[in-house]
Amino acid sequence: MGMTITEKILAAHAGKESVRPGDNIWVDADVLMTHDVCGPGTFAIFKKQFGENAKVWDRDKVVIIPDHFIFTKDTHANRNIDILRQFVKEQSLPHYFDVGTDNYKGVCHLALAQEGFNRPGEVLFGTDSHTSTSGAFGMFSTGIGNTDAAFILGTGKLWVKVPESMCFEFTGTFPEHVMAKDVILNVIGDIGVDGATYRAMEWQGDAIMKLSMEERMTLCNMAIEAGGKNGIIEADEVTTDYVRQRTDAPYKIYKSDADAKYVFKKTYNASEMEPIVAKPHSPDNKAKVSECVDVKLDRAYIGSCTGGKLTDFMAAARLLKGKKVKIDTFIVPATREVEQDLHKEKIGGETLMDIFQSAGAYLGDPSCAACLGGPKDTFGRAKDNQVVISTTNRNFPGRMGSKQSFVYLASPYTAAASALTGHITNPAEFINN
Amino acid sequence: MNKVIEGLAYVLGNDIDTDQIIPAEHLVYSLSDPEESKNYGKFALSGVPADQAGLPDGGISFTENGQHESKYSIIIGGRNFGCGSSREHAPACMEIAGVRAVIAESYARIFYRNSVDGGFFIPFECATSLVTEIKTGDDLIIDLESNTLTNRSSKVTYELKSLGEVIEIIEAGNIFEYARKTGMIPSA
Ligand code: SF4
């Protein structure tokens, strides 16, 4: 019986010939990532369990990326950054991207990719549920808590229950106005917020393999919104081109066997996909954009690990160019690299930054910002009973900062089109004209 | 491990996510400082919308204003309990508030793992949907030997699912103790 890509990577990291779904195995970690919200707690547990003077198992495999509560006056939040600094110093960790320096990056999941820490065939654990994002590189990646992270810091290992795999195949070509965000919201709507619990979500088909790395990351990012353990896409030339620009480190490409076993398989016709929103207050509360055009909005938010990449802003700028937004519109690049690209990349001779400024949008510094609400002074944080359209990944009650607010999740195209009209709008109206 | 867990029920619905369990703005406090970490108890379950807080009636705060301990120590949940982020502050805040067990129809994966590996409380599963059977404030007792839950207020007993393979970690106390017991890491 064949194995899926997820099973092969886990078997290789457990020193086994083969594994089966349900097996409990100890897996070697290639990378452990943590950030400002979970790092301090992880380090405290590590010291308590392994001793005040214990050293991490492998300095080169620990990556610390502050990104959540960055541009805030909150003293506790800032103290957490100091705790990261202190630990990095004690342990002489080489991969730390400090706030307030040229080395600052921004949102961890995109920073991991941009800094060359995502490599096909590897196992990456992170203290953040959207660590599933890295699976876009044909690797196993999943989110864990502080205790598990502290365990890895001390041992380099973690027990993993091998997940069953689900296969989502898309054939053909997506319509121009449909983005990866529409695809994943559609799938989550189909299977529900617990439809992939304990499972791997594997993406296949020629439509998927035509997507850029950034779009693939959007698909894998939201595996967790369906409860998934990991999202994964086999590496191809698109992957290796991206990786080779970022790192010389070796990697290994794994592919699912033709007779691999999936507990679920569904094939979609890519050309039939439509712009989708997730209505309040759950990512699986799916509706076609065309069914929601009556929804009046107070603000639009374009940012986060899933919706604040260059591809996302290219899409938004394409619609906003030469026009004015009708509602407060917040633009938050995920990382410094994306921010710099906003100054460089042009549409019709105008930089994306100029396009957003002329359109009347507000621009924030790279970080998680209002994607998870954050401290009271967070840029773009939702207030009162505002109705928000957002390219982020969660719309549970209160997620963006106000328990009374209503958040619709959508693609950057849909968010930009809606910012121009003040109500939920199908981007096809702007793109096809 | 104690043979029984007794306490008052606090009942919640489906898809209770980690932002409802502990809203992100509070994730700034130290979890290792015993005094400061009490803030987590204070804000435990404070993100649950009022009409869903303490079913069936709702409108019941989990902790009284300013207190870090709750009078409710057994949480009853529906499907997909603890979905959302990987923040361990979620099970931690519940333990700090005095939670000793959660009984849900199903869990989100990371929350379940964190509860077990960190040894915060025991996450039980029950095939019956208890959300409509048990009321907030009901007097409950869990018997770990017979794997049953008895509602002493309504005098009904329910069977709980077996804890399965994670029982060894639960019995050891947490993943570190388990690893020491099995020789994976040296004993302290
Ligand atoms: S941008 Fe949002 S979803 Fe992504 S890591 Fe930050 S808080 Fe989490």
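This is a predicted model: local features need pLDDT of at least 70, side-chain atom pairs count only at pLDDT 80 or more; totals for chains, interfaces and linings use all residues.

**Entry 1: a lysine and its partner**

I began with A:Lys266, which counts as partly exposed because its relative accessibility is 33%. The cut-offs I used: buried is under 20% relative accessible area, exposed is over 50%, and partly exposed lies in between (1.4 Å probe, protein chains only). Residues are numbered from 1 along each chain as its sequence is written, chains are lettered from A and ligands numbered from 1 in the order in which they are written, and side-chain values use heavy atoms, with hydrogens and water left out.

Which side chain does A:Lys266 meet in a salt bridge? I found A:Asp190, at 3.3 Å from N to O. The rule asks for a side-chain nitrogen of Lys or Arg within 4 Å of a carboxyl oxygen of Asp or Glu. This pair links distant parts of the chain, 76 residues apart: A:Lys266 sits in strand E11 (residues 264-269) of chain A, and A:Asp190 in helix H6 (residues 180-191) of chain A. For helices (H or I, at least four residues) and strands (E, at least two) I took DSSP runs, numbered from the N terminus. A:Asp190 is partly exposed too, at 35% relative accessibility.

**Entry 2: further salt bridges**

By the same rule I get 34 salt bridges over all chains. I looked up two further pairs in chain A.

- A:Asp206 and A:Lys210 meet at 3.8 Å, N to O. A:Asp206 is partly exposed at 38%, while A:Lys210 counts as exposed at 52%.
- A:Asp312 pairs with A:Lys309, their closest N and O atoms being 3.0 Å apart. Buried or exposed, I wondered, is A:Asp312? It is buried, with a relative accessible area of 2%, and A:Lys309 is buried as well, at 0%.

I also noted a network: salt bridges that share partners join A:Asp82, A:Arg85 and A:Asp98.

**Entry 3: a sheet in chain A**

Next I traced an open sheet of five strands, in the order E4-E3-E2-E5-E6 (chain A), with parallel pairing. Strand E4 (95-96) and strand E6 (140-143) of chain A stand at the edges with a single partner strand each, so one side of each has no neighbour in the sheet. Two strands pair if DSSP finds at least two bridges between them. Strand E2 (residues 31-34) and strand E5 (residues 123-126) of chain A run parallel and are joined by three bridges. In E5(A), I found A:Gly126 as the bridge partner of A:Met33.

**Entry 4: where chain B touches chain A**

How many residues does the contact take from each chain? I read 46 from chain B and 49 from chain A, with contact meaning heavy atoms within 4.5 Å. The area buried between them is about 3800 Å², and carbon and sulfur atoms give 56% of that. Buried area here is the accessible area (1.4 Å probe) that two parts lose on being put together, summed over both.

The rule finds six salt bridges across this interface. One of them joins the side chains of A:Arg381 and B:Glu25, at 3.1 Å from N to O. On the side of chain B that touches chain A, the elements giving two or more residues are helix H1 (18-21), helix H4 (109-117) and helix H6 (175-181) of chain B. H4(B) gives the most, with six residues.
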